[in-house]
Amino acid sequence: MELTVIGQDAGPAAEGGCSSSGCGGTSDQLSHLPESIRQKVQDHPCYSEDAHHHFARMHVAVAPACNIQCHYCNRKYDCANESRPGVVSELLTPDQAVKKVMAVAANIPQMTVLGIAGPGDPLANPERTFETFRQLTEKAPDIKLCVSTNGLSLPQQVDELCKHNIDHVTITINCVDPEIGAKIYPWIFWNNRRIKGKKGAKILIDQQQKGLEMLTERGILVKVNSVMIPGVNDEHLEEVSRIVKQKGAFLHNVMPLIAEAEHGTFYGVMGQRGPTHDELQALQDKCAGDMNMMRHCRQCRADAVGMLGEDRGDEFTMDKVENMHIDYEAAMEERAEYQAAALATLEAQRQNSGESFVALSSIGKARRETRPVLMAVATTGGGVINQHFGHAKEFLVYEASATDVRFIGHRKVDLYCEGGDTCGDGESVLQKTIRTLDGCEAVLCSKIGYEPWEQLEQAGIAPNGEHAMEPIEEAVAAVYAEMVSSGLTDQAPHSATVQISA
Amino acid sequence: MAYAIVESCVNCWACEPVCPSNAIADARPHFVIDANKCTECDGDYADPQCASICPIEGAILDPFGVQANPPGSLTGIPPERMAEAMAEMQAR
């Protein structure tokens with residue numbers, strides 16, 4: 001990978017070799033892309049890290065049936081606090097879904113994308129899925145449509161997908177080896193039979209790969225999702241990444257396994273652990289040599305609404321939607337205006353970053369090796385630091401090094417513990433939040449209270465409220481520069497490992 | 001003789017479109033099989049379709065009242081382990 005260094009004599013670097021978001025890292029995919037693809041992803045929050053600060057998406061739960069079983073999924077549970085794929089609060093008919101989309105798009109001008117992702121498999125419910133798409137193409141032509149599938153019926157449905165003007169398809173591919181597949185998929189329903197074990201896994205894998213090839217041949221952008229399951233497919237996913245790239249997938253999203261006994265999934269009940277933050281990042285970095293990696297996925301519910309990381313589904317339940325009076329024409333105009341402005345902001349951030357990015361030459365005169373540092377950021381969107389520490393439901397994590405600032409991922413603050421001061425094992429919410437920031441050495445937010453300030457410092461995490469409303473990467477780079485000049489980066493970081501939880 | 005859906009059904013819709021006899025209806029609290037229409041897929045398929053796609057163990061009974069998919073047969077979770085996990089959760 002070529003590292004871009006700003007402020008050195010090599011002129012071209014300052015001209016735009018460094019995009020605002022994730023300069024030099026894998027998330028600057030946009031700057032390397034042909035214009036035609038850039039157009040397709042620049043306002044899609046799930047396909048572009050930059051876009052996810054500015055644009056919103058929603059899923060409509062019209063597809064209940066599924067044709068396979070995955071060991072990380074259980075269709076029995078539906079808890080409002082549970083945020084994971086496969087979970088929904090209310091199932092919608094296509095007509096209801098269309099109403100809901102129109103209502104959300106009228107109230108959230110950031111909305112650019114409608115996806116169907118379940119709660120089962122969209123392509124195992126072709127009539128409901130395609131009827132929803134058909135109506136939306138007519139009524140909200142500015143909304144991008146996309147679909148997320150396990151791939152089993154994909155080859156049969158590719159032509160139908162093309163008819164509906166769908167630009168983006170996500171396939172969940174956890175393996176290319178049936179031996180491993182048998183440990184992830186206990187059965188599939190295929191040609192009117194339930195097929196178990198390796199035989200079923202092989203059929204599924206073959207269909208996924210065939211579907212991927214058919215889509216890329218037709219010019220549809222394909223993102224591949226993989227669930228990282230330690231001890232099952234973690235070592236195998238590098239190979240998966242290589243193969244799907246070869247076949248034309250555009251982006252690879254390696255997500256951590258969510259497994260809790262209370263979800264009733266095979267992995268949850270059997271005590272299969274999820275990966276730690278470090279393990280996930282290490283695998284993403286390994287795959288990044290071959291592939292564009294997505295690191296901003298929030299593993300949202302099949303009925304999620306809003307910006308990634310937020311869920312405004314409660315504001316748009318069907319009973320509320322039925323009572324909304326909406327001027328659809330005006331809403332579409334407002335959306336267009338908002339979105340044009342957001343794209344302009346993005347473009348400006350991209351252009352400016354070359355100049356305002358902290359110059360390497362300002363980071364210490366002696367060219368000593370400085371170690372990279374992880375920092376957490378509280379933001380509500382817009383690509384700037386604009387959230388109070390205590391209000392953050394999640395933190396974005398960036399890695400700053402002597403050469404660049406790159407986006408690494410996000411850490412959720414435990415939603416189960418919103419109610420009281422203590423929860424479960426007697427750990428306070430604040431302590432829990434601090435624990436989720438494990439490995440980070442600074443946290444950047446717009447404001448922070450006295451108590452968390454003290455506790456963060458005790459935990460070895462420097463609180464910082466000095467960069468409110470500044471663009472994230474620039475602020476992270478500035479804080480890193482201070483750390484370097486104060487000699488902090490000469491010392492080894494404190495470390496511990498925490499498993500990622502749901 | 002007919003298959004039957006019982007209360008553990010989660011209304012996931014998987015069975016309804018695969019029934020060759022249109023014997024399955026969306027109902028609450030759970031989907032139902034019309035015993036007069038159900039043919040057990042005889043003459044259409046080797047395996048009963050609803051019982052072959054249903055993801056929930058115990059939700060479908062065969063014509064003899066026996067669970068078509070007994071505990072552990074679909075998820076692979078041994079019933080003893082499931083019982084243990086439930087007990088652990090309740091103790092919390």
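1. The buried residues of α8(A) are covered by several elements of chain A, including α7 (197–217), β8 (221–228), β9 (251–256) and α10 (277–288). Please keep in mind as you look around that this is a predicted model.

2. Which residues of helix α8 of chain A are buried? The helix spans residues 237–246, and the buried ones are L237(A), V240(A), S241(A) and V244(A). They lie on the same side of α8(A), because they cover an arc of only 100° around the axis.

3. What follows α8(A)? After the helix comes G248(A), and the phi of this residue is positive, near 100°.

4. Now for a residue in one of the covering strands. M255(A) sits in strand β9 of chain A, and β9 is among the elements that cover the buried residues of α8(A). Is M255(A) buried or exposed? The relative accessible area of M255(A) is 8%, and the cut-off for buried is under 20%, so this residue counts as buried.

5. What is M255(A) in contact with, once its neighbours within four places in sequence are left aside? The partners are N225(A), S226(A), V227(A), M228(A), L280(A), C297(A) and Q299(A). Take N225(A) as an example of how the chain folds back: 30 residues separate it from M255(A) in sequence, yet their C-alpha atoms are 7.2 Å apart in space.

6. Next, the meeting of the two chains. In this interface, 24 residues of chain A are in contact with 28 residues of chain B. Between them the chains bury about 2100 Å², with 60% of that on carbon and sulfur atoms.

7. How many salt bridges are there between chain B and chain A? The count is one. Its partners are the side chains of R193(A) and D47(B), at 2.9 Å from N to O.

8. Finally, look at the side of chain B that touches chain A. The elements giving two or more residues to it are α2 (49–53) and α3 (79–91) of chain B. Of these, α3(B) gives the most, with five residues. By type, the residues on this side are 19 nonpolar, six polar and three charged.

Conventions
Residues are numbered from 1 along each chain as its sequence is written. Chains are lettered from A and ligands numbered from 1 in the order in which they are written. This is a predicted model: local features need pLDDT of at least 70, side-chain atom pairs count only at pLDDT 80 or more; totals for chains, interfaces and linings use all residues. Side-chain values use heavy atoms; hydrogens and water are left out. Buried means under 20% relative accessible area, exposed over 50%, partly exposed in between (1.4 Å probe, protein chains only). Helices (H or I, at least four residues) and strands (E, at least two) are DSSP runs, numbered from the N terminus. The arc is that of the directions from the helix axis to the C-beta atoms. Contact means heavy atoms within 4.5 Å. Buried area is the accessible area (1.4 Å probe) that two parts lose on being put together, summed over both. A salt bridge is a side-chain nitrogen of Lys or Arg within 4 Å of a carboxyl oxygen of Asp or Glu. Ala, Val, Leu, Ile, Met, Phe, Trp, Tyr, Cys and Pro count as nonpolar, Asp, Glu, Lys and Arg as charged, and the others, Gly among them, as polar.
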